[in-house]
Amino acid sequence: MQNNAYQNLAKEFMDLWQKQVAAVISDKQFIHAMLDLFQSIQTPGHDQRNAAAPAHPAHTADAEPGLLAEFAFRLAMCEKRLAVLEQQCKKSEGKRRRATSGRRGSKKPRR
Amino acid sequence: MQQAVAEEARNRAASLLSGILRYYDTPYKRTVSEPPCIWQRGNARLLDYGQNSLSLRERVEMRASQATPPSPVASRHPLPKGEGIVLFIPSLINRYYILDLEEERSLLKFLAMQGIYSLALDWGEPGAFEQSFGCNDYITKILGPAIDFIAGITHGRITLAGYCMGGNLALAAAQLKRKHVSALALLATPWNFHCKEFLPFVIDKQWLPMVKALIAAQKTLPAEIIQSLFYMTDPWVFEHKFRRFADLDPDNRAAKEFVALERWVNDGVPMTANVALDCLIDWAQENQLENNKWQIANKKIDPKKIKLPTFIAMPQSDHVVPHDCALPLAQAMPHAKIIHPSAGHVGMIVGHKAKKELWQPLATWLHGI
């Protein structure tokens, strides 16, 4: 029973994670970041001075630091989201453990 | 809990890989015989599915073509004189044979059995002739002449039936070739590209020059890129379907049908750069169709102006052309007969309910017009 409960929760977690990824991919900010990245790959650094006017204001000479900053920001956001998710997992696990031990004495749920 | 999540992730990945490997290991060859080609322009061919339509053939007067055929194959396959021919127009980015996938899963063969004389326009892959084509060229240099060719032989008007973006091409042709077209069927045809499902993919205008330049720099946009753009709207659809396939008994009919369909999905056609610009920029980004700004042969294409008998199929679970994307087209043609098959974009054509929910209603409508 315990195993099943965890398996069901794990399935639910994976489904939610997939939904989250799908939402991120169709997020305008993400799409713009990808376009930004794609443009920077398309534009070789040594040709940048001679290239025609860039389509996006971010693609000036300091495009690379800007891009790194964007990545750093996104990484930080991911870490933050992960921390929140872990926290929520721990909380719900604690609650479940307490509820289970209340019902079944001192027996601990298997992990 | 972490252990359970890790195990679930491992199971899903293993199931996905097993599905993919089994798909690659499953031999498949489409055994459907191809009907005769009666006309050709560039790589596009007009395929005659009416040859098997015996009941109609018995009713109509057969005669050899009086017109000068653009292709030498044409005169060998005269079409029946009079009205009643249906010309199927598929999308430019997928092969026409979804309309005739397998012997028992074939909309075109079903219609032939019902006495409906159908032709299918196989666009083929863009070659030297089509290299610079946009939608305007495909309509004016291939579809239009194909309609003229049919009308030249039959001396009758034809019904145009477009599937997916083929519906948009059919709609434009119906407006431009009024004299030769008697009715219009639009199957899962997109119209409003700024519907809620597609809105996130409408990028800020500042990016458009870069995207346009990227597309314009290509000779053609490979089918794989087009497919991956569709996956962006539902990135897990690939994982779900291959995991389901992994769970199927390989000898099961459903497994065989999956392979047949998936081979078609993976047999996409590249887009010319100009078609890609039309579809990805003018349609998807600027929503020209819905905004009444789409022009073919310097004429605005306006569904409100088309008063022909019209049949519209809007599948209920269409993720490629969502309901709200197709709806404004139906609203612009209030006289249209509208059906809502309980299937997806492709399932509507070849799924288990296709015969009951699309083929039969379409045949009934065609008999009635």
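Let me begin with B:A297, which lies in the loop between strand 9 and strand 10 (299-300) of chain B. Helices here are DSSP runs of H or I with at least four residues, strands are runs of E with at least two, and both are numbered from the N terminus. The model is a predicted one, in which local features need pLDDT of at least 70 and side-chain atom pairs count only at pLDDT 80 or more, while totals for chains, interfaces and linings use all residues. Residues are numbered from 1 along each chain as its sequence is written, with chains lettered from A and ligands numbered from 1 in the order in which they are written.

To return to B:A297, its phi is near 50°, a positive value in a residue other than glycine. The residue is exposed, because 12 other C-beta atoms lie within 10 Å. On this scale, with C-beta atoms placed from the backbone, 20 or more other C-beta atoms within 10 Å of a residue's own make it buried, 12 or fewer make it exposed, and a count in between makes it partly exposed.

A positive phi near 50° is also found at B:N287, again a residue other than glycine. B:N287 sits in the loop between helix 10 and strand 9 (295-296) of chain B. It counts as partly exposed because it has 19 C-beta neighbours inside 10 Å.

I turn next to helix 10 of chain B. Which of its residues are buried? They are B:A273, B:N274, B:V275, B:A276, B:D278, B:C279 and B:W283. These buried residues pack against helix 4 (135-154), helix 5 (165-176), helix 6, strand 7 (220-221) and strand 8 (271-272) of chain B.

The pairing with helix 6 can be described in more detail. The axes of helix 6 and helix 10 (residues 273-283) of chain B come within 9 Å and cross at roughly 155°. Axes are lines fitted to C-alpha atoms, for helices over the stretch in contact, and angles run from 0 to 180 degrees between N-to-C directions. Helix 6 of chain B is therefore roughly antiparallel to helix 10 of chain B. Angles over 145 degrees count as roughly antiparallel, those under 35 as roughly parallel, those from 65 to 115 as roughly perpendicular, and the rest as oblique. The crossing of helix 6 past helix 10 of chain B is right-handed, a term for a near helix turned clockwise from the far one by less than a right angle, with anticlockwise giving left-handed.

On the helix 6 side, B:L208, B:K212, B:I215 and B:A216 meet B:A273, B:A276, B:L277, B:L280 and B:I281 of helix 10 in chain B. Two residues are in contact if their C-beta atoms, placed from the backbone, lie within 7 Å. This contact of helix 6 with helix 10 of chain B has eight nonpolar, no polar and one charged residues. Nonpolar covers Ala, Val, Leu, Ile, Met, Phe, Trp, Tyr, Cys and Pro; charged covers Asp, Glu, Lys and Arg; the others, Gly among them, are polar.

Leaving aside residues up to four places away in sequence, B:I281 touches B:L208, B:K212 and B:E286. The C-alpha atoms of B:I281 and B:L208 are separated by 7.7 Å, although the two residues are 73 residues apart along the chain. B:I281 is partly exposed, because 16 other C-beta atoms lie within 10 Å.

Next comes helix 1 of chain B. Its 24 residues reach 34 Å from first C-alpha to last, close to the 34 Å expected at 1.5 Å a residue; the expected span is 1.5 Å times one less than the number of residues. B:A4, B:E8 and B:G19 are buried in this helix. Helix 1 and helix 8 (residues 237-247) of chain B pack at about 75°, their axes 7 Å apart, which means that helix 1 of chain B is roughly perpendicular to helix 8 of chain B. The residues of this contact divide into six nonpolar, three polar and four charged.

Finally, how many residues of chain B are in contact with chain A? There are 22, and they meet 24 residues of chain A. Helix 1 (2-25), helix 6 (208-216) and helix 7 (223-233) of chain B each supply at least two residues of that side. Helix 1 of chain B gives the largest share, seven residues. By class, the chain B side has 14 nonpolar, three polar and five charged residues. Chain A itself has three helices and zero strands, and buried residues make up 4% of its 111 residues.
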